[in-house]
Amino acid sequence: MSTQSDNKFTGNPREPEPVPLAQADELGIKQVLDCDGNANGNLADPNLSEDEVRKFYEMMVLVRAIDDRGWKLQRSGRIAFWIPLLGQEAVQVGVTCALDDKDWIFRAHRELAVWLLRGKSLKMLFAQFYGAEEEPLRGRRLPCLIGSRDINLISSTTQVGASLPHAVGAAWAAKLLGGSEKFLIFFGDGSASRGEFHSAMNFAGIHQPPVMMVCVNNGWAVTTPLDRQTASANFAAKGDNYGVRNVRVDGNDPLALYAVTKDAHDNIEEYGPTLIEAVTFRLGYHTSSDNPDLYRHEQECELWKPWDPVRRLRLYMENKGWWDQTREDALIALHEKEIQEAVTAAEAMKIPGPASQFDDVFAETNWMIEEQKERILSEVKADD
Amino acid sequence: MFDFKLPDIGEGLAEAEFLNWSVKTGQMVKEGDVVAEISTDKVTVELAAPRSGQIHEICVDVGEVVKVGTVILRIDDQSSDQVSQESKPAEKQLEKPSKVKAVKVRTSPVVRRFATENKVDLANVIGSGSEGMILRSDVEAFIKQEVSQQSGDQIIKLKGAALSTAQNISKAANIMATTSISFDVNADQIAKCISENNLSPLTVISMCLIGTLKKHPKFNATIDEENNQLCISDHINLGIAVTASDQLLVPVLENIGSKNSEEISASIIDITARGRHDQLKPQEMRGSTFTLSSTGGIEQGLITSTTPIINHPNVAILWASRFTDRPWVSEGGIIVAKVMSCTLAFDHRYLHGADGFAFISDFEEFMQNPSSAL
Ligand SMILES: Cc1ncc(C[n+]2csc(CCOP(=O)(O)OP(=O)(O)O)c2C)c(N)n1
């Protein structure tokens, strides 16, 4: 007698808003590329070289392919969890490329490109997805929550937004110590509603540490749409009341993102901190544990598809004669091969045993930790 | 050969229902191809092939609910041995033996304490939590079982379709305000009609019922508690309760109001036969707007009333007995007539006594005059 409830949306979704990127001038959004990749926006083309733009493009295509593969690995039970990045490729690439390697990056949860742009390998990236023992965080974080000290990349905290004061504080410390490195943090629109956002902004306004705060406004925080997230005109505008310079930028325009970040970075002595709002859209699921059909209109994704950052940059390159289908095909084939190799290698790696959770808790271990460790080991032994 | 076990693709998923297979035995698949659609308590999810190769065996039927870890698909990927889906921890073999006494139990401190207080040795309790974690409910169940085992009772665990039927029945019993009216009808005219037209009793009773439902559409409805609404259906989907190998199934005859007696007879024969042989698909048991429970085939003795439970979200159900020869008063004298006992149960939140009496009166009218229903 079972009646099966289907999993379709049952509430009243608001009608999708028009894509703000289509009204960049009116909404104060800095933009280089139009929807079809022509550089005729309100911000000057940074005129990057062919090599530089290709690097952007190839990285965006690569992280999209990784996202696709990661999703399938999760859906076949081979990795535990997945955090999609579809639609948000431009922010991670444009922003990261504007920094120097010595600068510190505090991640949110969707920026995989940072890892690769800082020279780390695909194999180790997939090792992290599998929770392998030899990846830098030793399998202790959820898949996609990458980080590695040797490239000044700090993994996100589990509590979203909690690393905002960390980033601002670290930047301040560096300033006090007389260092020249700068700091940047990615965080979401949802994270801007946390108390830590206030603390960090207040501190940044007063102490002027060398920090850039990139609010990746992707339209949704899991099930919460923008109009339930803030009553402010936008996220950048929140900076005004803290005395923090702020700018809104097209989050699907890698060239604009690069230009805006580079400006904030290179002039940090003069400008002080900058709050950058990157206006983008999450095309995929929140995570592999989500189901957007329950709260979001499919139509909203359709509206955003013409603003796909990968498509726009490809059209820009084709206009310049830098790209064609042959190159595209070769790139896709190369990525497929590289990703396959990385998956095979990562899958063969060992995962950490249960006792490893007691390592690195304190600089020096103590009796309590040792006792717990022994207990676990004896239980594991009893199971064998 | 690679055995694909149902993975935990959510957070702490325990089981999932198979909605659809997109591959067939013998077909080649590529790693990452969608192979099936499953429904968990939260979402509908597409499962991807973990290996490339040829589909050797599909181990789960559509409609089946299976636990995480069950082998669902076997893929011939040319590997000689079963490749393990789980990675092996690195240290297991390397760690030195320990001084602490081995206790092979996974549980939380609260449950340990609860077990100690109740003098339960946790080593004897099977954990139902993730990775065999013992939960408080496991200990409670263990205590109960201990008590009943001492009395020699037999424990039967409900699972699968039986469990979901049980849950649905208790839901209906808990939320509906069921009331019922029992009555007897003289079925002599029906018996005549059955032999003259060579139709089954169930077909003729269904026809009389359809005629009655058309005059009383409020009985042909479903309720939606969440939105406090009653949906009076414009077509009749008649659920017919069938008992099959210990299970109660309710296959549904869709849009039966627009069919003639031959068509109805044929679909009743088909659906009840397949029901008894467990060959019904889940979708054939959904969407009923009224339920008929006819137990003629299994009755013994003289049964004159029952307390039917409504098939939620329907609002009413009719139970009808087999025909038995009984004394019947007719034109001032007593005759021997074929009598059918019935109980009409309905949800008193939406339907009232007067509705029930009017329904029964028209049903009796059709029963006396079956040709008007045919
Ligand atoms: C403090 C806190 N509350 C809730 C959660 C659960 N959670 C995980 S991600 C997320 C959404 C965050 O939204 P946003 O910052 O906009 O980033 P997005 O996921 O959209 O990229 C939530 C609520 C959490 N991790 N931390």
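Across all chains of this predicted model, a search of the whole structure finds 43 salt bridges. Side chains of opposite charge can pair when their charged atoms come close. One of the salt bridges joins A:Arg311 and A:Asp36. Their closest N and O atoms are 3.0 Å apart. A:Arg311 sits in helix α10 of chain A, which spans residues 309-319. A:Asp36 belongs to the loop between β1 (29-30) and α1 (50-75) of chain A. The two partners therefore tie together parts that are 275 residues apart in sequence.

The loop between β1 and α1 of chain A also holds A:Asn47. Phi of A:Asn47 is near 50 degrees. That is a positive value in a residue other than glycine. B:Pro313 is placed in the loop between β16 (290-294) and β17 (316-330) of chain B. For context, most residues other than glycine have a negative phi, and most peptide bonds are trans.

The ligand is surrounded by 15 residues. The closest are A:Arg110, A:Thr158, A:Gly190, A:Ser191 and A:Trp220. By class, the shell around the ligand has four nonpolar, eight polar and three charged residues. In the side chain of A:His109, an N or O atom lies 2.8 Å from a ligand oxygen. For the side chain of A:Asn218, the corresponding distance from an N or O atom to a ligand oxygen is 2.9 Å. A:Trp220 takes part through its backbone: a polar atom there is 2.8 Å from an oxygen of the ligand. Taken alone, the ligand exposes 580 Å². The protein buries 71% of that area.

Empty space inside the protein was examined next. Rolling a probe the size of a water molecule over the atoms shows where such space is left. The structure holds one cavity of 30 Å³ or more. The largest cavity has a volume of about 40 Å³. Its lining is formed by A:Gly87, A:Asn252, A:Phe281, A:Leu283, A:Trp304, A:Trp307, A:Asp308 and A:Pro309. Five of these lining residues are nonpolar, two are polar and one is charged.

Technical notes
Residues numbered from 1 in each chain as written. Chains lettered and ligands numbered in written order. Predicted model: local features only at pLDDT ≥ 70, side-chain atom pairs only at ≥ 80, totals over all residues. Heavy atoms only, no water. Near = heavy atom within 4 Å. Polar contact = N/O pair within 3.5 Å; in protein donor to acceptor, adjacent residues only side chain to side chain. Areas by Shrake-Rupley, 256 points an atom, 1.4 Å probe, with all protein chains shown as cover. Nonpolar A, V, L, I, M, F, W, Y, C, P; charged D, E, K, R; others polar. 1 Å grid on protein atoms, 1.4 Å probe; cavity = no way out; pocket = protein on both sides within 12 Å on 5 of 7 lines; lining within 4 Å. Points joined across faces, edges and corners; volume = space filled by probe spheres on them. Salt bridge = Lys/Arg side-chain N within 4 Å of Asp/Glu carboxyl O. Helix = DSSP H or I, 4+ residues; strand = E, 2+ residues; numbered from the N terminus.
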